[in-house]
Amino acid sequence: MALTNEEIERYSRQIILKNVGGRGQEKLKQGKVLIVGAGGLGSPVAYYLAAAGVGTIGIVDSDRVDLSNLQRQILHNSDRLGRLKAESARETLLALNPALTINTYPLRLGKDNILAIIRDYDVIVDGVDNFPTRYLLNDACVMTGKTLVEGGVLQWDGLVMTIKPRQGPCYRCIFPDPPPPGAVPSCQEAGVMGTVPGLIGAIQATEVIKILLEVGETLTGRLLIYNALEMRFREIKAERNRNCSVCGENPRIRELEEYTFVCEAKCER
């Protein structure tokens with residue numbers, strides 16, 4: 001997929017990087033990334049991937065734009081209140097970079113549709129707002145060997161990790177089971193500073209770009225935790241759990257499970 005003269009000019013500042021170049025930019029153009037959630041995290045992820053020239057971006061989100069979203073969800077604006085977030089996201093991304101392919105999925109992921117949706121993408125990005133979908137995404141990516149870039153935020157805190165099945169720990173290796181309902185407050189209950197998902201989403205986008213380019217070191221086996229009030233990052237190393245219920249030596253979970261309870265996650269839309 002040769003670059004056009006316009007693309008060479010558009011991406012010139014990253015093409016001159018020694019570990020990108022023209023060949024790397026062509027890799028990005030060929031890349032296919034699915035972003036689940038077009039909210040606080042999905043917005044910066046999608047925007048930076050579109051700006052970087054990732055050729056195909058999928059957006060999964062069944063919600064509609066609400067006024068309370070606009071403090072942090074930069075894909076949307078006041079004129080789009082009530083519109084589907086997936087379609088609002090597509091409009092914003094194509095206005096930024098009209099040469100891209102933007103696929104929209106205005107639906108909620110479940111065990112009956114997730115495998116068909118993630119099948120055609122190279123990298124999956126988690127920007128969801130509930131634990132059932134978070135665990136479903138993890139399990140589906142482990143079972144299909146898809147790389148998953150995980151992110152979460154709440155109040156002034158955020159976290160990022162990259163899950164490469166069979167190469168490092170999955171989400172269940174660190175957090176084996178979803179918490180009981182009510183154990184974790186939602187962003188609606190506890191709040192979130194809008195800049196925090198912006199920063200975490202930018203890190204997620206950077207992880208995706210490195211994965212597509214096959215350069216640098218990813219956050220595989222490392223949980224990066226950010227506290228905005230103290231302006232500190234800390235890193236927790238993690239290893240695969242041999243007894244993990246989905247990626248361990250004798251996995252208990254061999255088919256996708258549907259979690260029916262509602263529990264808001266440390267990651268919001």
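**Exercise 1.** How many helices and strands does the secondary structure of the protein chain come to?

*Solution.* This is a predicted model, in which local features need pLDDT of at least 70, side-chain atom pairs count only at pLDDT 80 or more, and totals for chains, interfaces and linings use all residues. Residues are numbered from 1 along each chain as its sequence is written, and side-chain values use heavy atoms, with hydrogens and water left out.

Step 1: helices (H or I, at least four residues) and strands (E, at least two) are DSSP runs, numbered from the N terminus. Step 2: the protein chain has 10 helices and eight strands.

**Exercise 2.** Find why the protein chain is described as being as compact as a globular protein of its length.

*Solution.* Step 1: the radius of gyration is taken over C-alpha atoms, and the globule rule is 2.2 Å times the number of residues to the power 0.38. Step 2: for 269 residues the rule gives 18 Å, and the radius of gyration of the protein chain is 18 Å, so the chain is as compact as a globular protein of that length. Step 3: along its principal axes, the C-alpha trace spans about 55 × 45 × 40 Å.

**Exercise 3.** State what share of the residues is buried and what share of the contacts joins residues 24 or more positions apart.

*Solution.* Step 1: buried means under 20% relative accessible area, exposed over 50%, and partly exposed in between (1.4 Å probe, protein chains only). Of the 269 residues, 55% count as buried. Step 2: a contact means heavy atoms within 4.5 Å. Among contacts with a separation of 6 or more, 70% are between residues 24 or more positions apart.

**Exercise 4.** Locate D112 and decide whether it is buried or exposed.

*Solution.* Step 1: D112 sits in the loop between β3 (101-105) and α6 (114-118). Step 2: its relative accessible area is 75%, so D112 is exposed. Step 3: L256 is 144 residues from D112 in sequence, yet the two are 8.8 Å apart in space, C-alpha to C-alpha.

**Exercise 5.** Describe phi and the place in the chain for R166 and M231.

*Solution.* Step 1: most residues other than glycine have a negative phi. Step 2: R166 has a positive phi, near 75 degrees, and lies in the loop between β6 (157-163) and α8 (171-174). Step 3: M231 also has a positive phi, near 50 degrees, and belongs to the loop between β7 (222-227) and β8 (232-237). Step 4: the relative accessibility of M231 is 55%, so M231 counts as exposed.
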